[in-house]
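Biologist: Please take me through the terms applied to this model, setting each value against its definition.

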Amino acid sequence: MIERLARQDVPPWAAGTQGREQELYPKLNDEEIGIVRSYAEERRFAAGDYLWQRGDVSPFYLMLDGDVEVLRVEADGEHVIIAHGAGRYVGEIPSMTGANALVAGRAVTDVHALYVKPDDLRQLIATEADLGEKILLSFILRRMRMIAANLGNVTLIAATETPEGGDLQRFLSRNGLPFEVLHPKRDAEVVEQRLGHVPQELPVLLCSNETLVRPTHRQVAENLGFTAQFDCGVTYDLVVIGSGPAGMAAAVYGASEGLSVLVLERCAPGGQAGSSSRIENYMGFPTGISGQALMGRAYLQAQKFGATVAVARELKTLEIGNPLHKLRLDGGDLVHAKALVIASGAVYRQPAIEGLAESGGVHYGASHVEGELCRGRDVAIVGGGNSAGQAAVYLSQRARNVHILVRGNGLGHSMSDYLIQRIERIPNVFLHTHSEVDAVEGGKVLDEVVRHAVPESVAAHEDVHVAGAL
């Protein structure tokens, strides 16, 4: 198996597939093959034939006879990732949804295989509990390995410390896509080799044979084929607006009861929870879990039961009706629904801080992306809730120093005790009480945070110098 190392660190939630080859690439026994056969149709290919190309609908093939190699397709040719023989199957997460494949597949020898359509594959996974669990786990691990080894042939050229570059990097990461990042200055030589020049307009996304300049989220989703296709002529039993924990839970419960469910999400599944570096006070996860991993599993669970999740689609107008509600989406598509769940989530409060809107390096979460941007720098976190505590613990492993600024006299009234105890033992985390931020200074990179003491009777102003994120 040939793997390519990514140019950036592996997200924590995508690591850990080493030594799990039996789960990644299980070989089915005769009984399991018989189950798959009841959902499948037989297909045959001659040696050298492509079973699918990159950009086609991601398939599920179970080999009865012959070998198939999975290929990474790049400008310099095709590279073998892995080969599958009799009893093994090809496919991963997009095979459940009909989304585009990021790799290709070619017959090494004459091949006799079972092909399962996406709808039938979801039914198999939902109905055949033991086999479905085995297949679904392999899909999760395969996507993790693709992300860790950057096997999707998607390249983002961007200064990720800027708002535009950081936004596109977060969008790709939050949607679980394998990609690499090239900085226009640090990686100028590599960029010039790929494009023949260093682009002036950024960010640029290279995907397959296309170059997207300053693309929107929807353009990226449609080009890479991971936004769901849905029929506007269908009346859905339930439309869920927003795919955070509440929205995704509604989708799982509705779809598991046999309802036709459409989820509309303008950015990425997971909502605010998806951007959390670590969640430890959620029932059922005693060792903690990242928000991305938690919501990624919820996303798969909803799809397993047949929910359609439309990423990078935004609701523009809503007309409440009886019996049907009308939803007009971006692009003009009209959707009808019998019932609605509006789970549009949190709206971040924009504090009245001078220079906030104009400065780069200002973020509203602490995911893996923000952690990499803050590596070796000083960071200021404004606020003392659990999200701030989780961010401080996570960023302290990457940043030089982490400053927590709160208006109160401590963290006890707003943060869980386990986080407070952990923060107190981290040497590079500093708590600044009775502090309120007046202004931030800097251009594309944040240089300085100006704060004043609270209460107002304290007139002295202090400068906290940072070179990272707020």
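This is a predicted model: local features need pLDDT of at least 70, side-chain atom pairs count only at pLDDT 80 or more; totals for chains, interfaces and linings use all residues.

Modeller: Residues are numbered from 1 along each chain as its sequence is written, and side-chain values use heavy atoms, with hydrogens and water left out.

Biologist: Why does asparagine 150 count as buried?

Modeller: Buried means under 20% relative accessible area, exposed over 50%, and partly exposed in between (1.4 Å probe, protein chains only). Asparagine 150 has 0% relative accessibility and therefore counts as buried.

Biologist: Why does arginine 214 count as partly exposed?

Modeller: Its relative accessibility is 43%, so arginine 214 counts as partly exposed. Arginine 214 lies in the loop between β12 (210-213) and α7 (217-224); helices (H or I, at least four residues) and strands (E, at least two) are DSSP runs, numbered from the N terminus.

Biologist: What makes a nonpolar core?

Modeller: The term denotes a set of buried Ala, Val, Leu, Ile, Met, Phe, Trp, Tyr and Cys residues joined through side-chain atoms within 4.5 Å. The largest such core has 85 residues, and those with the most contacts inside it include Trp52 and Phe139. Helix α4 (residues 129-149) contributes the most to this core, with 10 residues.

Biologist: Why are α8 and α9 called roughly parallel?

Modeller: Helix α8 (residues 245-256) and helix α9 (residues 291-304) pack at an angle of about 25°, and their axes are 9 Å apart. Axes are lines fitted to C-alpha atoms, for helices over the stretch in contact (heavy atoms within 4.5 Å), and angles run from 0 to 180 degrees between N-to-C directions. Angles under 35 degrees count as roughly parallel, over 145 as roughly antiparallel, 65 to 115 as roughly perpendicular and the rest as oblique. The two helices α8 and α9 are therefore roughly parallel.

Biologist: Why is one side of β19 and of β21 left without a neighbour in the sheet?

Modeller: Two strands pair if DSSP finds at least two bridges between them. β19 and β20 (residues 401-405) pair in the parallel sense over five bridges. The open sheet has the order β19-β20-β21; β19 (378-382) and β21 (429-432) each have a single partner strand, so one side of each lacks a neighbour in the sheet.
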